[in-house]
Amino acid sequence: MKRLLKIFLLFLIFVGLTSADSHRFYVSIYQIDFVPQKKRIEITTRIFMDDLNDAVTKAYKKHTNIGTEKETPEDVVLLKKYLAENFKLSINGKPKAYNYLSSEVETNVVICYLSIKDVAKVTSLGVENSILIDVHSEQQNIIQFNNNGKKQNLLLSSAITKGMLK
């Protein structure tokens with residue numbers, strides 16, 4: 001009986017947290033894949049829309065509507081600028097700029113697609129990620145790296161914004 005009560009209480013807590021109007025955790029996910037056949041790094045970011053708009057608005061003192069029906073071309077320009085300034089990669093010890101390809105929205109998450117061309121081999125991947133940290137000190141940015149079948153993870157936060165994967 002106690003076990004059923006615990007399960008029921010956990011279920012109520014889970015439903016309460018997942019059905020709240022605003023989320024109570026601050027996590028973004030960055031999937032980075034090295035595709036040797038295409039000599040390319042493919043990056044997919046998943047960032048909560050409201051937090052992203054708050055961060056871009058704070059950074060550039062201009063209200064944005066990224067991921068909404070009201071999104072403007074200027075919002076996309078500011079999004080690209082914010083990403084470039086707060087999410088940096090180095091491959092094999094050398095800084096590499098990525099190309100912003102597109103974005104889409106899934107529920108309340110903005111998914112951005114980025115790529116780096118002409119990458120023959122990855123022996124190390126340096127990541128610097130301070131996205132959303134200026135608006136939420138509890139922000140955690142999870143980096144998932146797939147290097148030709150070898151998978152690694154990195155957790156970055158306000159305390160640690162840089163890391164290296166080999």
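Start by selecting Glu106 and Arg46: they form a salt bridge, with the closest N and O atoms 3.8 Å apart (the term asks for a side-chain nitrogen of Lys or Arg within 4 Å of a carboxyl oxygen of Asp or Glu). Glu106 sits in strand β5 and Arg46 in strand β2, so the pair ties together parts that are 60 residues apart in sequence. Glu106 is partly exposed at 47% relative accessible area, and Arg46 is partly exposed at 35%. (Buried is under 20% relative accessible area, exposed over 50%, partly exposed in between, with a 1.4 Å probe and protein chains only.)

A word on what you have open: this is a predicted model, where local features need pLDDT of at least 70 and side-chain atom pairs count only at pLDDT 80 or more, while totals for chains, interfaces and linings use all residues. Residues are numbered from 1 along each chain as its sequence is written, and side-chain values use heavy atoms, leaving out hydrogens and water.

Now switch to a cartoon view. You will find three helices and 10 strands, which are DSSP runs numbered from the N terminus (helices: H or I, at least four residues; strands: E, at least two).

Next, select helix α2, residues 49–60. Its buried residues include Met49, Leu52, Val56 and Tyr60. What do the buried residues of α2 pack against? Show β2 (40–48), α3 (73–86), β5 (99–106) and β6 (109–117) to see their partners. Just past the helix, Lys61 has a positive phi of about 55 degrees.

One step on, pick Lys62 and Glu74, whose side chains meet in a salt bridge (3.9 Å, N to O). Lys62 belongs to the loop between α2 and α3 and Glu74 to helix α3, so this pair links parts 12 residues apart in sequence.

From α3, move to the strands it lies across, β3 (87–91) and β7; the helix runs at about 50 degrees to β3 (axes are lines fitted to C-alpha atoms, for helices over the stretch in contact, and angles run from 0 to 180 degrees between N-to-C directions). Which order do the four strands of the open sheet take? They run β4-β3-β7-β10, with antiparallel pairing (two strands pair if DSSP finds at least two bridges between them). At the edges are β4 (94–96) and β10 (162–165), each pairing on one side only.

For a last stop, zoom in on β7 (residues 125–129), joined to β10 by four bridges. There, Val127 has Gly163 of β10 as its bridge partner.

Definitions and conventions
Expected span 1.5 Å × (residues − 1). Contact = heavy atoms within 4.5 Å.
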